[in-house]
Amino acid sequence: MKLIPAVITSVALVSIFTIWDGALKAVNPALVQASAQEIKQDMKDVTGLTTQQKIDTLIKSKGQFGSGDQMRRYFFGDLEPIAVQPGGAGMVVNLYNKANNVTISYCVTYDVVVALKKGKITAFAPNEVK
């Protein structure tokens with residue numbers, strides 16, 4: 001018989017805290033929610049790098065073996081192919097990252113990043129993707 005009052009007390013406490021939390025969110029949503037842009041820009045992921053650090057690392061390692069692996073690891077699932085153009089070892093694929101507004105030119109033959117720029121670029125200059 002002592003179990004029933006304990007359960008009722010627990011349910012009452014949980015309800016009070018849930019209502020109190022909801023009331024705080026309703027009164028001042030800024031307490032609970034920061035702007036998505038601030039969070040995304042400063043947020044580090046499992047790599048331990050911010051988005052800008054990832055882009056800077058790719059810029060430093062473009063043209064080197066392994067830069068394709070870095071690109072896939074950093075932007076897994078976020079890259080959309082937008083164009084193919086002559087360059088690299090025949091053809092390169094231009095991949096656009098909508099979340100960061102960056103276009104990456106990627107040589108599939110050698111698995112390397114050959115160019116990287118801000119914005120949605122369908123064709124890089126020929127001297128950039130050689």
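Predicted model: local features only at pLDDT ≥ 70, side-chain atom pairs only at ≥ 80, totals over all residues.

## Confidence, core and charged pairs

Over residues 35–39 the pLDDT stays under 50, and for this stretch the model has one contact beyond four places in sequence. For the protein chain the mean pLDDT is 79, with 65% of the residues reaching 70 or more.

The protein chain contains four helices and four strands, and reading along the sequence gives the pattern α-α-α-α-β-β-β-β. Of its 130 residues, 29% are buried, while the accessible surface amounts to about 8900 Å², with 63% of that area belonging to carbon and sulfur atoms. Among the contacts between residues at least 6 apart in sequence, 35% join residues at least 24 apart.

In the strand part, β1 (residues 79–87) and β2 run antiparallel and are joined by eight bridges. The two strands form a hairpin with two residues between them, and in the turn Gly88 has a positive phi of about 60 degrees. Gly87 stands opposite Gly90 in β2.

The largest nonpolar core draws together twelve residues, namely Ile55, Leu58, Met71, Tyr74, Phe75, Val93, Leu95, Val102, Ile104, Tyr106, Val113 and Leu116. Two or more residues are given to this core by each of the elements α3 (51–61), α4, β2 (90–97), β3 (102–107) and β4 (112–118), and the largest share, three residues, comes from β3. Ile104 shows how such parts meet: leaving out residues up to four places away in sequence, Ile104 touches Leu58, Met71, Phe75, Leu79, Val93, Asn94, Leu95, Val113, Ala115 and Leu116. Apart from this core lies another, of eight residues, which include Val112, Val114, Ile121 and Val129.

Helix α4 deserves a separate look. Ser67 belongs to this helix, which covers residues 67–74, and Ser67 counts as buried because its relative accessible area is 1%, under the 20% limit. Beyond its neighbours within four places in sequence, Ser67 is in contact with Leu58, Ser61, Asp111, Val112 and Val113.

Which charged side chains pair up in the model? Three salt bridges are counted. One of them joins Asp69 to Arg72, with the closest N and O atoms 2.4 Å apart; because these two residues are three apart in helix α4, about one helical turn separates them. Both are partly exposed, Asp69 at 38% relative accessibility and Arg72 at 35%. Arg72 also meets the side chain of Asp111 in a salt bridge, at 2.8 Å from N to O, and this pair links distant parts of the chain, since Arg72 lies in helix α4 and Asp111, 39 residues away, in the loop between β3 and β4. Asp111 is buried, with a relative accessible area of 19%.

The remaining pair is Glu128 with Lys117, whose closest N and O atoms are 3.3 Å apart. Here Glu128 sits in the segment after β4 and Lys117 in strand β4, the two being eleven residues apart. Glu128 is partly exposed at 28% relative accessibility, and Lys117 is likewise partly exposed, with a relative accessible area of 36%. Through shared partners, salt bridges join Asp69, Arg72 and Asp111 into one network.

Conventions: Residues numbered from 1 in each chain as written. Heavy atoms only, no water. Buried < 20%, exposed > 50% of the residue type's maximum accessible area, 1.4 Å probe, protein only. Contact = heavy atoms within 4.5 Å. Core = buried A, V, L, I, M, F, W, Y, C linked by side-chain atoms within 4.5 Å. Pairing = 2+ DSSP bridges. Areas by Shrake-Rupley, 256 points an atom, 1.4 Å probe, with all protein chains shown as cover. pLDDT = per-residue confidence, 0-100. Salt bridge = Lys/Arg side-chain N within 4 Å of Asp/Glu carboxyl O.
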